[in-house]
Amino acid sequence: LTKGVSLMFYVKEKTNNTEIRIEIDDENVFTVCPKCGSEFSVCLRDLAKSIDFDLYSTRICCDHCSLN
């Protein structure tokens with residue numbers, strides 16, 4: 001990280017000898033629909049409002065599959 005810069009939450013991936021850190025924000029969180037496999041963005045802030053929110057077991061259907 002750059003000195004003086006602090007990320008609240010981020011993902012980190014190591015490939016070879018390079019480490020990449022990406023800050024999690026309201027524009028870069030995505031999931032895949034468990035029914036049709038389409039990728040779509042999600043708002044972690046809205047998900048966290050759920051009483052039973054669990055990042056590891058939560059599955060969200062896309063708008064199309066939610067209606068069916």
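Guide: The accessible surface of the protein comes to about 6,200 Å². Of this, 51% belongs to carbon and sulfur atoms. Such areas come from the Shrake-Rupley method with a 1.4 Å probe; for residues, only the protein chains shown count as cover.

Two notes on the source come next. The model is predicted, so local features need pLDDT of at least 70 and side-chain atom pairs count only at pLDDT 80 or more, while totals for chains, interfaces and linings use all residues. Residues are numbered from 1 along each chain as its sequence is written, and side-chain values use heavy atoms, with hydrogens and water left out.

Now the layout. The protein has four strands and two helices. Their order from the N terminus is β-β-β-β-α-α. Both kinds of element are DSSP runs, numbered from the N terminus: helices are H or I with at least four residues, strands are E with at least two. Of the 68 residues, 9% count as buried. Buried means under 20% relative accessible area, exposed means over 50%, and partly exposed lies in between (1.4 Å probe, protein chains only).

On to the hairpin. Strand β1 covers residues 10–15, and strand β2 covers residues 18–23. The two pair in the antiparallel sense, over six bridges. Strands count as paired if DSSP finds at least two bridges between them. V11 stands opposite I22 of β2. K14 has E19 of β2 as its bridge partner.

The turn comes next. Two residues sit between the strands. N16 lies in this loop. N16 is not a glycine, yet its phi is positive, about 55°. Is N16 buried or exposed? N16 counts as exposed, because its relative accessibility is 80%.

Back to E19. Besides its bridge to K14, E19 forms a salt bridge with R21. The closest N and O atoms of that pair are 3.0 Å apart. A salt bridge here is a side-chain nitrogen of Lys or Arg within 4 Å of a carboxyl oxygen of Asp or Glu. E19 counts as partly exposed because its relative accessible area is 35%. R21 is partly exposed too, at 31%. The structure holds two salt bridges. In the other, K49 meets D46 at 3.8 Å, N to O. K49 is exposed, with a relative accessible area of 62%, while D46 is partly exposed at 48%.

Which residues make the nonpolar surface patch? They are M8, F9, V11, I20, I22 and I24, and the patch is about 600 Å². Patches are made of residues with over 30% relative accessible area and no salt bridge; like charges are joined within 9 Å, and nonpolar side chains (Val, Leu, Ile, Met, Phe, Trp, Tyr) within 5 Å. V11 and I22 belong to the patch, and they also stand opposite each other. In a regular strand, side chains alternate between the two faces of the sheet.

F9 deserves a stop. F9 sits in the segment before β1. F9 counts as exposed because its relative accessible area is 58%. F9 and I24 are 15 residues apart along the chain, and their C-alpha atoms are separated by 5.7 Å. Neighbours within four places in sequence aside, F9 is in contact with I22, E23 and I24. Contact means heavy atoms within 4.5 Å.

In soluble globular proteins, nonpolar side chains tend to be buried together. Here the largest nonpolar core has six residues: V29, C33, F40, V42, C62 and C65. A core is a set of buried Ala, Val, Leu, Ile, Met, Phe, Trp, Tyr and Cys residues joined through side-chain atoms within 4.5 Å. F40 is in strand β4, residues 39–41. F40 counts as buried because its relative accessibility is 19%. F40 and C62 are 22 residues apart in sequence, and 7.0 Å apart from C-alpha to C-alpha. With neighbours within four places in sequence left aside, the contacts of F40 include V29, C33 and C62.
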